[in-house]
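Good morning, colleagues. Please turn to the sequence and the structure that I am about to show.

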Amino acid sequence: GTEFVSATRGGAFTGGEVVWQLGDLPQGKQEEFGLVIRATAEGTVKNCATVEAAGIPPREACAETEVLFVPAMHISALDTEDPVEVGDTTTYVIEVRNEGQKATTQVELRVQIPEESEFIDAQCADAPGTWSPGERAAVFRKVPRMEPGQRVEYRVTVRFKEKGSAVCGAILSYAEFGKPVRAEEGTTSYE
């Protein structure tokens, strides 16, 4: 599973092969050529190069590469209102996206709200959230599987109860990665 992307020095892709026309090559002289391919499936990719010249038998050299796909999760956070007057609300919008080539599993998000605020609501179409007072966090139910390119948006609304420099922290975890991934968003609250 590969697809052709490009070739150096005028290599022409046709019929599943890249062909370069070298012309005359003096004895002892070397030339380098390259091609770029994109893996479309996991597994072993074998690439062979064959040199043909008038009056000598063809020569072939091959190399194998093992292709493994991995999930690559991205997390970002923003606030809908900033600065925020004490008594007013803002919503933290957290987007989680699988930028990798492989599905992720057991995707979980916790959003720790600023000390200067109080929890109002937690929403996500894919994973309902609940308030955990001991953690001061909105905890969302795990998304069982996220395919490559899939995005999930989480929203946590808070009301500010005091002025200050507030920081909301989002903590992402998933089965294929051994450590939590964090994103933060700062909000200024004023009286």
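Strands here are DSSP runs of E with at least two residues, and helices are runs of H or I with at least four, numbered from the N terminus. This is a predicted model, in which local features need pLDDT of at least 70, side-chain atom pairs count only at pLDDT 80 or more, and totals for chains, interfaces and linings use all residues. Residues are numbered from 1 along each chain as its sequence is written, and side-chain values use heavy atoms, with hydrogens and water left out.

I begin with A53, which is placed in strand β5. With a relative accessible area of 41%, A53 is partly exposed, a term that covers values between buried, under 20%, and exposed, over 50%, for a 1.4 Å probe and protein chains only. A53 and G23 stand 30 residues apart in sequence, and 9.4 Å separates them in space, C-alpha to C-alpha.

A pocket is an open set of points on a 1 Å grid over the protein atoms alone, where a 1.4 Å probe fits, with protein on both sides within 12 Å along at least five of seven lines; its lining residues have an atom within 4 Å of a point. The largest pocket holds about 1,200 Å³ of space, a volume being the space filled by probe spheres set on the points, which are joined across faces, edges and corners. It is lined by 33 residues, of which V18, W20, A49, T50 and V51 are the closest to its centre.

Which strand gives the most to this lining? It is β5, with nine residues. At least two residues each come from β1 (2–7), β3 (17–19), β4 (35–39), β5 (43–53) and β6 (56–67).

I turn now to the backbone. D82 and P83 are joined by a cis peptide bond, with omega about 5°, and P83 sits in the loop between β7 (73–79) and β8 (84–85).

Two residues other than glycine deserve mention for a positive phi. For R9, phi is near 50°, and this residue belongs to the loop between β1 and β2 (12–14). For Q106, phi is near 55°; Q106 is part of strand β10, residues 104–112, and is partly exposed at 37% relative accessibility.

Finally, L22 is found in the loop between β3 and β4. Is L22 buried or partly exposed? With a relative accessible area of 43%, L22 is partly exposed. Thank you for your attention.
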